[in-house]
Amino acid sequence: MANVAEQHLPVVQKPKRANVQIVNEATSLMPSQNKSADLSLSLEPTERRKQWLGLIIMGMSAMSFSCMAMLVRISAVYFSIVDIVLARSATQLVLSLASCAVLGINPLGKYGVRKWLFFRALVGSIGLILFFYSLTRLPMLEATSLFFLGPTFTAIVSYLVLNEPYTLFDGVCSVGCLFGIILVWKPKYALGHPVADPTAGVYNMDPSQLAEDEMARSFAILCAVAGAIMSAIAYISVRKVGKGTHLMVHSVYFAVISCVLCIGGVFVMPPNTLLQEDWSSYTLLGLMALFSFAGQCFLNQGVQMVPAGLGALMRICDIVFAYLSGVFVLHEYPDSLCVSGVCLIVGMTTTLSIHKWQVQKIRALELRKQRSRERV
């Protein structure tokens, strides 16, 4: 009888921790389950060692994605963009199905969320194709930084679709990202400077060729931005799927939809006949796909082990490795305007992500206090 009164008390639910992620190709497919929402490491020795290991794993993820992007750039000399994405997706499909078999997971997922799994895979696959295309037409640093715009578009799409708050601070960060895009784009033809073809490494001085190169560059930039928007939509759709769906189920759907889109694209896009393919070129494709899968696995493991704030800051490593790979391997030397634009995009995006996390953390604390007072 003593428990009768307790049954009428309001149930206090533990508020969900805000999850801060950079939304792009190098984005975890699953929400973080780490309970430590902080910008610093834990003081408890065992937990601190775990978090340090998580930071190392996230660094390995950034390095893997950088190697993937670099191999995409090199493979573009031998293969079309649909061939590259198809190789990446087919490898991911085989490894994901094998993982599902080993772990005893149904690759189709739960019946009630399959339509959202399909939708998430569709928009994510389109974003991946757009990102890979931009990688073949832009320097690595530029393509990676533009695809880094995911959190900005996530905030905007969440406001338009989910009616989530969009504050003045969010708007300031978005405008800052817009200026960063302009600095990265810097239409050189309009300024009277020669335009470099990043795949050829030469400068074309003919005016008509300059205009054509500038149009191609502008289209690649638009593809990178559109890819970031697609990835933001894909990230939001993960909320509809929920946390009960295993990572490998997401991976299977993503790989299947990407393969279907690329197989259709093979009959539309002409093959790349610049150079004759040999076994070394196919080796590049295989390595690219393996680095992509490894990077995603490292990332999904890392975000479960580190605090949310540090996880957001660690994603800056993607930009650092892209810069190092571009300079020391591909010999791409960005000018001061490009570097300024990249720093502006990364700074505004990271600031926006951490600000969102802090706001949601405060709201969760206020909600907990309110429910505690109601219970008393």
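The secondary structure of the protein chain in this predicted model comprises 14 helices and two strands. Of the 376 residues in the chain, 47% are buried. Among contacts with a separation of 6 or more, 86% are made by residues 24 or more positions apart. The accessible surface of the chain amounts to about 18,700 Å², and carbon and sulfur atoms contribute 68% of that area.

Helix α11 spans residues 279-302 and contains 24 residues. The buried residues of α11 are Ser281, Leu284, Leu285, Met288, Ala289, Ser292, Phe293, Gly295, Gln296, Leu299, Asn300 and Gly302. An α-helix has 3.6 residues a turn, so residues three or four places apart point the same way. The cover over the buried residues of α11 includes helices α2 (45-75), α3 (81-103), α4 (114-137) and α10 (247-266).

When residues up to four places away in sequence are not counted, Ser96 touches Met248, Ser251, Val252 and Phe293. Phe293 is also one of the buried residues of α11. Thr152 lies in helix α6 (residues 150-162) and, with a relative accessible area of 4%, is likewise buried because the value falls under 20%. Beyond its neighbours within four places in sequence, Thr152 is in contact with Ser174, Cys177, Thr349 and Leu352.

Across the whole structure, seven aromatic pairs were found. In one of them, the ring centres of Trp116 and Phe119 are 6.1 Å apart and the ring planes stand at 90°, so the arrangement is edge-to-face. Both residues are located in helix α4, where a spacing of three residues corresponds to about one turn of the helix. Trp116 has a relative accessibility of 28% and therefore counts as partly exposed; Phe119, with a relative accessible area of 34%, is also partly exposed.

A stacked pair is formed by Phe131 and Phe147, with 4.2 Å from centre to centre and 15° between the planes. This pair links distant parts of the chain, as Phe131 lies in helix α4 and Phe147 in helix α5 (residues 140-147), 16 residues apart. Phe131 has a relative accessibility of 5% and so counts as buried. Phe147 is buried as well, at a relative accessible area of 2%. Elsewhere, Tyr78, Phe79 and Tyr282 form one aromatic cluster.

Side chains of opposite charge can pair when their charged atoms come close. The search of the whole structure identified two salt bridges. One joins the side chains of Arg73 and Glu332, with an N to O distance of 2.4 Å. Arg73 is in helix α2, whereas Glu332 is in the loop between α13 and α14 (336-375); the two partners are 259 residues apart, and the pair thus links distant parts of the chain. Arg73 and Glu332 are both buried.

The other salt bridge brings together the side chains of Arg217 and Glu142 at 2.9 Å, N to O. This pair also connects distant parts of the chain, with Arg217 in helix α9 (residues 207-241) and Glu142 in helix α5, 75 residues apart. Both Arg217 and Glu142 are buried.

At the surface, a nonpolar patch is formed by Val320, Tyr323, Leu324, Phe328 and Val329, which together have about 470 Å² of accessible area. Leu324 is located in helix α13 (residues 316-328).

Notes:
Residues are numbered from 1 along each chain as its sequence is written. This is a predicted model: local features need pLDDT of at least 70, side-chain atom pairs count only at pLDDT 80 or more; totals for chains, interfaces and linings use all residues. Side-chain values use heavy atoms; hydrogens and water are left out. Helices (H or I, at least four residues) and strands (E, at least two) are DSSP runs, numbered from the N terminus. The expected span of a helix is 1.5 Å times one less than its number of residues. Buried means under 20% relative accessible area, exposed over 50%, partly exposed in between (1.4 Å probe, protein chains only). Contact means heavy atoms within 4.5 Å. Patches are made of residues with over 30% relative accessible area and no salt bridge: like charges are joined within 9 Å, nonpolar side chains (Val, Leu, Ile, Met, Phe, Trp, Tyr) within 5 Å. Accessible areas come from the Shrake-Rupley method with a 1.4 Å probe; for residues, only the protein chains shown count as cover. A salt bridge is a side-chain nitrogen of Lys or Arg within 4 Å of a carboxyl oxygen of Asp or Glu. Rings of Phe, Tyr and Trp (its six-membered ring) pair if their centres lie within 6.5 Å; planes under 30 degrees apart count as stacked, over 60 as edge-to-face and the rest as tilted.
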